[in-house]
Amino acid sequence: MAEHHDEHGHAGSGHDAGHGDAHHVNYKKIYFTLLALLAVSIIGPEFGIVWVTLVTAFGIALVKTRLVVNNFMHLKWEKRIMKWVLTTSLVLMGLMMAGVSVDILNHEGNNWENVAAQAAVERGLGGEHGELAVEEGTEAEPVEAAFSAPQMFGLVCASCHGAAGDGTGPAGAALNPPPANFTDPAFWSTRDRERIVTVIREGAAAVGGSPLMVGWSASFTPEQIEQLADHVMSLRPAQ
Amino acid sequence: MAFPKPQATLRSATGIPTGRLAVWWLLASEVVIFGGVLGSYLMFRLGHPEWADAAAVTNTYIGAINTFVLLTSSFTAVLAHQAAEKGDGKKAAGFLLLTIGGALTFLLIKSYEWTTEIMHGYTIQSNGFWQFYYTAAGLHALHVIAGAIIMGIVAADAYRGRELQRVELIGIYWHFVDVVWIFLFPLLYIAK
């Protein structure tokens, strides 16, 4: 291979100067190294040790990237300006991430509270992962506690529909059409329990309502949706 | 060996041939696109420990096989580049065809995987994890499809000994698609 480089190098393809086939990279060796690293990244997590998983999965991803970028993409031999351009991209991306991370990672927030995210974490951690939730420092209620419709309404629905179900939740103020007011007799003139269940399960769009009320079938079991519907029905004013 | 070149290919005010400069610029923007998706996923994942349950559903072995397929296709892509530098357009076209074969294999495995998951009820609407799963892997798959199509065009030219410098350019793009998958694999399949 080496002799060919000398003979045909740049002239062979009429290639640009300074970036010919003069790198003497043993591509086969790089390829087999990559495969070996892949094997390690699969075997590593089998031990079930967190730091081993992190090192073998993500550490090796970085090593593999370095091998590919340097030897296959030949960035190692590229003009320095290109490295700067790519680094700038990475840095700008990192800046954006740092900027939004406080909103995404901190569910308690400084000036607001991400109730939907807190509720999602609690729902997901219910049962077997109970201890984790306590570590996370989320609301101190016992995670094993059975599903409570009024509590879930307060966590999830109230952000738009208001804690009292009167449609005055903080997140609902800007919505058009506004969130349903369950304490309004006029609202109930055209609704029954069956429709409430359908809307919670499939979203309001399923019955021709606003698509802003999304379906919750992925988050709650059918029984839980029934209980939530019961709670909504309980908000109905006496006639 | 002589073949016609557009003026832009010869011009290189930066010291980098214009075509390659353009590919690098493209990749600089791709870094932000994929980096943004993957970085957001990482932050959401850290904020939602319960996503681990959803991630446990993904099939590590299918992910690993697809990683193997993409690494292999990157290898054939760099061999195509090597052949093109020696002026062997036919050999370069052959390696590019092998790379396209890798792209098609990857897509076949991916469609089997997605079909199975969707049939089991894990759709893009299921929860945050699956939204990221289908968005990130879907965006990546679109890049695989686009790369395979462009590679076909470059291979057809290379076979006739034309535009051999483009073999390297599509290769650089292809390695990038490979690198994105190198990160998608641990993020979506290994970290449970």
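1. The side chains of Glu78(A) and Arg20(B) meet in a salt bridge, with N to O at 2.8 Å; the term stands for a side-chain nitrogen of Lys or Arg within 4 Å of a carboxyl oxygen of Asp or Glu.

2. The model is a predicted one, in which local features need pLDDT of at least 70 and side-chain atom pairs count only at pLDDT 80 or more, whereas totals for chains, interfaces and linings use all residues. Residues are numbered from 1 along each chain as its sequence is written, chains are lettered from A in the order in which they are written, and side-chain values use heavy atoms, with hydrogens and water left out.

3. Arg20(B) also forms a salt bridge with Glu168(B), the closest N and O atoms being 3.6 Å apart. This pair links distant parts of the chain, since Arg20(B) lies in helix α2 of chain B and Glu168(B) in helix α7 of chain B, 148 residues apart; helices here are DSSP runs of H or I with at least four residues, and strands are runs of E with at least two, numbered from the N terminus. Arg20(B) is buried, with a relative accessible area of 2%, and Glu168(B) is buried at 4%, where buried means under 20% relative accessible area, exposed over 50%, and partly exposed in between (1.4 Å probe, protein chains only).

4. The contact (heavy atoms within 4.5 Å) takes 59 residues from chain B and 60 residues from chain A. Chain B and chain A bury about 5,000 Å² between them, 73% of it on carbon and sulfur atoms; buried area is the accessible area, with a 1.4 Å probe, that two parts lose on being put together, summed over both. Trp24(B), Met43(B) and Glu85(B) supply 15% of the area that chain B buries against chain A, more than any other three residues.

5. Within chain A, the side chains of Arg193(A) and Glu226(A) meet in a salt bridge of 2.8 Å, N to O. Arg193(A) belongs to helix α9 (residues 193–202) and Glu226(A) to helix α10 (residues 222–234), 33 residues apart. Arg193(A) is partly exposed, with a relative accessible area of 28%, and Glu226(A) is likewise partly exposed, at 33%.

6. The secondary structure of chain A comes to 10 helices and 0 strands, and of its 239 residues 39% count as buried.
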